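Hi everyone, thanks for making time. Have a look at the sequence and the model on the screen, and I'll talk you through a few spots.

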Amino acid sequence: MELFKERFKALIIDIIIVTLTVWVINAILYIPIVLLNISWLTSNYSLIVLVIVTLSYFTITEAKYNRTLGKSREHLYVSDEEGYMTYSKALIRNLSKIFWIPLIIDVLLGMALKFPSRFLDKIAKTDVYSEEELELQE
(Lines give C-alpha, C1' and ligand atoms only; values in the text may rest on other atoms or scores of the structure.)
Protein backbone atom coordinates (compact mmCIF):
# COMPACT_ATOMS: atom_id res chain seq x y z
CA MET A 1 0.00 0.00 0.00
CA GLU A 2 2.43 2.59 -1.22
CA LEU A 3 1.47 6.24 -0.99
CA PHE A 4 -1.20 5.45 1.62
CA LYS A 5 -1.00 8.82 3.41
CA GLU A 6 -1.06 10.81 0.18
CA ARG A 7 -3.95 8.77 -1.21
CA PHE A 8 -5.89 9.17 2.04
CA LYS A 9 -5.41 12.95 2.03
CA ALA A 10 -6.46 13.09 -1.62
CA LEU A 11 -9.57 11.03 -0.81
CA ILE A 12 -10.55 13.39 2.01
CA ILE A 13 -10.25 16.39 -0.33
CA ASP A 14 -12.31 14.60 -2.99
CA ILE A 15 -14.96 13.52 -0.47
CA ILE A 16 -15.33 17.13 0.68
CA ILE A 17 -15.79 18.25 -2.94
CA VAL A 18 -18.33 15.50 -3.63
CA THR A 19 -20.22 16.18 -0.39
CA LEU A 20 -20.49 19.91 -1.05
CA THR A 21 -21.65 19.24 -4.61
CA VAL A 22 -24.28 16.77 -3.38
CA TRP A 23 -25.53 19.28 -0.79
CA VAL A 24 -25.93 22.00 -3.41
CA ILE A 25 -27.71 19.71 -5.89
CA ASN A 26 -29.99 18.33 -3.16
CA ALA A 27 -30.89 21.86 -2.04
CA ILE A 28 -31.74 22.84 -5.61
CA LEU A 29 -33.76 19.69 -6.31
CA TYR A 30 -35.61 19.45 -2.99
CA ILE A 31 -38.64 21.63 -3.78
CA PRO A 32 -39.22 20.32 -7.35
CA ILE A 33 -38.92 16.71 -6.13
CA VAL A 34 -41.36 17.28 -3.25
CA LEU A 35 -43.81 19.04 -5.59
CA LEU A 36 -43.76 16.03 -7.91
CA ASN A 37 -45.04 14.02 -4.95
CA ILE A 38 -43.60 10.70 -6.12
CA SER A 39 -42.98 8.83 -2.87
CA TRP A 40 -40.09 6.58 -4.00
CA LEU A 41 -38.33 9.53 -5.60
CA THR A 42 -38.89 11.83 -2.61
CA SER A 43 -37.40 9.29 -0.23
CA ASN A 44 -34.48 8.24 -2.46
CA TYR A 45 -33.45 11.25 -4.53
CA SER A 46 -30.58 12.24 -2.23
CA LEU A 47 -29.12 8.73 -2.51
CA ILE A 48 -29.50 8.83 -6.29
CA VAL A 49 -27.74 12.22 -6.41
CA LEU A 50 -24.93 10.88 -4.20
CA VAL A 51 -24.33 7.88 -6.48
CA ILE A 52 -24.44 9.95 -9.69
CA VAL A 53 -22.21 12.75 -8.38
CA THR A 54 -19.66 10.40 -6.80
CA LEU A 55 -19.29 8.15 -9.81
CA SER A 56 -19.34 11.07 -12.25
CA TYR A 57 -16.72 13.07 -10.37
CA PHE A 58 -14.23 10.25 -9.93
CA THR A 59 -14.81 8.62 -13.31
CA ILE A 60 -14.70 11.76 -15.44
CA THR A 61 -11.76 13.42 -13.72
CA GLU A 62 -9.64 10.28 -13.62
CA ALA A 63 -10.46 9.21 -17.19
CA LYS A 64 -9.95 12.66 -18.66
CA TYR A 65 -7.09 14.05 -16.53
CA ASN A 66 -5.67 10.93 -14.82
CA ARG A 67 -6.33 12.58 -11.46
CA THR A 68 -8.99 14.12 -9.28
CA LEU A 69 -8.58 17.49 -7.56
CA GLY A 70 -7.44 15.70 -4.41
CA LYS A 71 -4.88 13.62 -6.30
CA SER A 72 -3.66 16.74 -8.07
CA ARG A 73 -3.16 18.46 -4.71
CA GLU A 74 -1.15 15.46 -3.47
CA HIS A 75 0.83 15.12 -6.74
CA LEU A 76 -0.67 11.72 -7.61
CA TYR A 77 -2.05 10.34 -10.83
CA VAL A 78 -3.88 7.17 -11.80
CA SER A 79 -3.36 5.09 -14.91
CA ASP A 80 -2.95 1.59 -16.23
CA GLU A 81 0.46 0.07 -16.83
CA GLU A 82 0.82 1.78 -20.23
CA GLY A 83 -0.07 5.20 -18.84
CA TYR A 84 -3.59 5.33 -20.26
CA MET A 85 -6.92 5.64 -18.53
CA THR A 86 -10.37 4.87 -19.92
CA TYR A 87 -13.81 5.73 -18.61
CA SER A 88 -14.59 2.05 -18.00
CA LYS A 89 -11.40 1.52 -16.00
CA ALA A 90 -12.05 4.69 -14.00
CA LEU A 91 -15.63 3.59 -13.30
CA ILE A 92 -14.60 0.10 -12.17
CA ARG A 93 -11.88 1.34 -9.82
CA ASN A 94 -14.23 3.87 -8.21
CA LEU A 95 -17.31 1.73 -7.58
CA SER A 96 -16.38 1.25 -3.94
CA LYS A 97 -16.11 5.00 -3.28
CA ILE A 98 -19.87 5.57 -3.13
CA PHE A 99 -20.00 4.48 0.53
CA TRP A 100 -17.34 4.07 3.23
CA ILE A 101 -17.91 0.37 4.03
CA PRO A 102 -17.28 -0.91 0.47
CA LEU A 103 -14.21 1.32 0.23
CA ILE A 104 -12.79 -0.07 3.47
CA ILE A 105 -13.47 -3.61 2.24
CA ASP A 106 -11.80 -2.74 -1.08
CA VAL A 107 -8.67 -1.50 0.72
CA LEU A 108 -8.58 -4.43 3.14
CA LEU A 109 -9.04 -6.96 0.31
CA GLY A 110 -6.14 -5.38 -1.53
CA MET A 111 -3.99 -5.65 1.59
CA ALA A 112 -5.08 -9.22 2.38
CA LEU A 113 -4.36 -10.38 -1.17
CA LYS A 114 -1.00 -8.53 -1.08
CA PHE A 115 -1.87 -6.31 -4.05
CA PRO A 116 0.12 -3.08 -4.32
CA SER A 117 -3.18 -1.19 -4.21
CA ARG A 118 -6.92 -1.62 -3.71
CA PHE A 119 -8.76 -4.72 -4.96
CA LEU A 120 -10.74 -2.76 -7.58
CA ASP A 121 -7.49 -1.22 -8.87
CA LYS A 122 -6.34 -4.78 -9.56
CA ILE A 123 -9.63 -5.61 -11.31
CA ALA A 124 -9.43 -2.43 -13.44
CA LYS A 125 -5.70 -3.01 -14.02
CA THR A 126 -4.89 0.48 -12.74
CA ASP A 127 -2.83 1.97 -9.94
CA VAL A 128 -2.00 5.32 -8.37
CA TYR A 129 1.49 6.72 -8.87
CA SER A 130 3.33 9.75 -7.57
CA GLU A 131 4.57 12.39 -9.98
CA GLU A 132 8.10 11.47 -8.88
CA GLU A 133 7.57 7.92 -10.17
CA LEU A 134 6.39 9.34 -13.48
CA GLU A 135 9.50 11.54 -13.77
CA LEU A 136 11.77 8.56 -13.05
CA GLN A 137 10.17 6.54 -15.84
CA GLU A 138 10.58 9.23 -18.49
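Let's start with a word I'll need: contact means heavy atoms within 4.5 Å. Leaving aside neighbours within four places in sequence, L41 is in contact with I33, L36 and I48.

Before I go on, some housekeeping. This is a predicted model, where local features need pLDDT of at least 70 and side-chain atom pairs count only at pLDDT 80 or more, while totals for chains, interfaces and linings use all residues. Residues are numbered from 1 along each chain as its sequence is written, and side-chain values use heavy atoms, with hydrogens and water left out.

Okay, helices. Those are DSSP runs of H or I, at least four residues, and strands are E runs of at least two, numbered from the N terminus. Helix 1 covers residues 4-36 and helix 2 covers residues 39-65; their axes come within 9 Å and cross at roughly 145°. Those axes are lines fitted to C-alpha atoms over the stretch in contact, with angles from 0 to 180 degrees between N-to-C directions. And who lines that contact? By class, the contact of helix 1 with helix 2 has 17 nonpolar, five polar and one charged residues. Here Ala, Val, Leu, Ile, Met, Phe, Trp, Tyr, Cys and Pro count as nonpolar, Asp, Glu, Lys and Arg as charged, and the others, Gly among them, as polar.

Now, the cores. A nonpolar core is a set of buried Ala, Val, Leu, Ile, Met, Phe, Trp, Tyr and Cys residues joined through side-chain atoms within 4.5 Å. Buried is under 20% relative accessible area, exposed is over 50%, and partly exposed is in between, with a 1.4 Å probe and protein chains only. The largest core has twelve residues, including L11, V18, L41, Y57, F58 and L103. Which element gives the most to this core? That's helix 2, with six residues. There's also a second, separate core of eight residues, which includes L3, A10, V78 and A90.

N66 has a positive phi of about 65° although it is not a glycine, and N66 sits in the loop between helix 2 and helix 3 (69-73). K125 also isn't a glycine, yet has a positive phi of about 60°; its loop runs between helix 6 (119-124) and strand 2 (126-130). Buried or exposed? N66 counts as buried, at 19% relative accessibility, whereas K125 is exposed, at 61%.
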